[in-house]
Amino acid sequence: MSTAARPAFFDRTHTDDLIAYLGTAPSPFHAVAGAAERLEKVGFRQVLETDAWDATTGGRYVIRGGALIAWYVPEGAGPQTPFRIVGSHTDSPNLRVKPLPDTGSAGWRQVAVEIYGGVPLNTWLDRDLGLSGRLALRDGSVRLVRIDEPLLRVPQLAIHLDRQVNDGLKLDKQRHLTPIWGIGEVDEGSLIEFVADRAGVPAGEIAGWDLMTHDVQPPCYLGRDRELLAAPRLDNLLSVHASAAALAAVATTDGGDLPCIPVMAAFDHEETGSESDTGAQGPLLGNVLERTVYARGGSPEDRARALAGTICLSSDMGHAVHPNYSERHEPGHRPMPNGGPILKVNVNNRYATDAIGRAVFAAACEKAGVPWQSFVSNNAMPCGTTIGPITAARLGITTVDCGIAALSMHSARELCGADDPFLLASALKAFLEG
Ligand code: ZN
């Protein structure tokens with residue numbers, strides 16, 4: 001058997017950039033900043049929701065909290081020009097800092113945390129955690145902060161003190177998930193003072209914060225032939241990164257004569273149900289699309305006509321077949337890493353894909369020369385959901401759910417194929433071209 005490295009299906013420039021992106025995006029706020037930075041490099045400019053918008057062509061984006069909507073208006077776009085939207089989400093399950101964070105027990109200094117989203121709690125044990133998020137300052141400004149160093153840890157109880165641990169680990173969400181960050185008496189205010197120091201602002205200037213923990217171990221290629229990618233937050237920053245790359249590529253290669261307006265919509269709060277001003281249930285995307293129609297001189301009738309021709313491709317992580325639990329998967333539909341993007345189907349509308357959407361997705365993959373796979377749940381297993389059905393219901397537009405096959409979804413560290421991010425970005429680009 002050869003021991004030579006498996007030849008890559010393509011060059012890994014895209015995945016290398018994804019690795020760099022993941023490292024700089026431990027929070028949704030950093031995720032949108034990193035996406036905006038990539039779009040700015042190809043000429044996109046930020047517009048403020050409080051400003052008047054004009055009809056000029058080119059790339060624009062809006063940031064609100066942990067959400068970003070970006071779009072590219074090609075030459076010749078009219079008020080009825082339909083949109084092609086790629087949807088994704090910027091948030092990942094994690095442990096977030098409580099309002100009065102300084103706590104402790106038995107001579108340890110600890111930080112009180114709240115559990116955000118569907119966290120497999122065991123995956124956060126014995127990891128070296130950093131801290132990131134945003135600070136709201138008294139002058140009304142917002143400062144992002146990222147502390148990428150081993151600062152906190154949720155220590156697991158030694159097996160000697162829990163002999164039944166391998167019969168099933170039981171963790172109490174309130175008692176057993178509190179990270180330690182030092183030894184000594186509880187020191188009121190010390191966490192925010194520490195964060196303020198790292199952010200370079202006086203602690204007294206901080207009037208509010210959204211802070212969360214992240215595993216500081218960097219992403220890496222994994223496996224005998226390095227064909228896998230181990231990383232935090234693949235769900236769903238892989239899709240956010242791929243959609244930014246696809247939109248940037250569309251804008252730079254064929255922005256002049258597109259039949260549609262390509263859009264990237266990266267929402268926050270998917271992991272908690274999307275019901276927020278920056279989540280997919282909020283009015284953000286609809287408002288942005290509407291305002292771009294009106295900025296081009298359109299009427300409500302034009303808006304309705306543009307939306308009638310609009311399609312959304314919602315991209316989120318899905319399940320690859322797990323070798324140790326293969327019976328939990330649908331036996332005839334077993335997505336594998338590096339098999340290309342997956343089309344997600346659920347007839348009970350946990351996914352929005354239908355026949356029309358399948359045809360659109362298949363055409364985009366075919367145009368991009370990208371293989372693709374089908375995902376459907378085992379009937380005996382519950383099916384997850386994502387922003388696709390929400391966007392379809394909220395805006396009344398044709399929506400397709402797709403994604404990338406992964407293992408360890410929602411774990412502090414997930415696993416997917418190293419070729420798949422580029423395959424997804426290629427398919428998204430072909431879709432955005434209309
Ligand atoms: Zn997700």
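Modeller: Start with arginine 233, which sits in the loop between strand E12 (228-231) and H4. The model is predicted. Arginine 233 is not a glycine, yet its phi is positive, about 65°. Its relative accessibility is 11%. The cut-off for buried is under 20%, so arginine 233 counts as buried.

Move on to helix H4. It covers residues 234-253, and asparagine 236 is part of it. The peptide bond that leads from aspartate 235 into asparagine 236 is cis. Its omega is near 10°. Asparagine 236 has a relative accessible area of 0%, so it is buried. Its side chain has a polar atom 2.8 Å from the backbone oxygen of serine 315. Serine 315 is also among the contacts of asparagine 236 once neighbours within four places in sequence are left aside.

Next, take methionine 264, in strand E13 (residues 261-267). Methionine 264 is buried too, with a relative accessible area of 0%. Leaving aside neighbours within four places in sequence, it is in contact with Val240, Ser243, Ala244 and Leu247, among others. Its contacts also include Leu68, Ile69, Ala70 and Val86. Ala35 and Leu39 complete the list.

Helix H1 (residues 13-24) packs with helix H2 (residues 28-40) at an angle of about 140°. The two axes are 8 Å apart. H1 is therefore oblique to H2. On the H1 side, the contact is made by Asp17, Ala20, Tyr21 and Thr24. On the H2 side, it is made by His30, Ala31, Gly34, Ala35 and Arg38. By class, the residues of this contact divide into 4 nonpolar, 3 polar and 2 charged.

Helix H5 (residues 284-295) and helix H6 (residues 300-308) have axes that come within 9 Å. They cross at roughly 125°, so H5 is oblique to H6. The crossing is right-handed. H5 brings Leu289, Glu290, Val293 and Tyr294 to the meeting. H6 brings Pro300, Asp302, Arg303, Ala306 and Leu307. The contact of H5 with H6 has 6 nonpolar residues, 3 charged and no polar ones.

Helix H3 packs against strands. H3 spans residues 190-199, and its buried residues are Ser190, Leu191, Ile192, Val195, Ala196 and Ala199. These buried residues pack against strand E5 (94-105), strand E6 (108-116) and strand E7 (129-137), among others. Also included are strand E8 (142-152), strand E9 (180-183) and strand E10 (206-215). Glycine 200 follows H3, and its phi is positive, near 75°.

Finally, come back to a loop. Histidine 410 lies between strand E17 (398-407) and strand E18 (414-417). Histidine 410 is not a glycine, but its phi is positive, about 75°. Its relative accessible area is 19%, so histidine 410 is buried. Arginine 233, where we began, has a positive phi of about 65°.

Note on methods. Residues numbered from 1 in each chain as written. Predicted model: local features only at pLDDT ≥ 70, side-chain atom pairs only at ≥ 80, totals over all residues. Heavy atoms only, no water. Buried < 20%, exposed > 50% of the residue type's maximum accessible area, 1.4 Å probe, protein only. Helix = DSSP H or I, 4+ residues; strand = E, 2+ residues; numbered from the N terminus. Contact = heavy atoms within 4.5 Å. Axes fitted to C-alpha atoms, helices over the stretch in contact; angles between N-to-C directions. Parallel < 35°, antiparallel > 145°, perpendicular 65-115°, else oblique. Left-handed = near helix turned anticlockwise from the far one by under 90°. Nonpolar A, V, L, I, M, F, W, Y, C, P; charged D, E, K, R; others polar. Polar contact = N/O pair within 3.5 Å; in protein donor to acceptor, adjacent residues only side chain to side chain.
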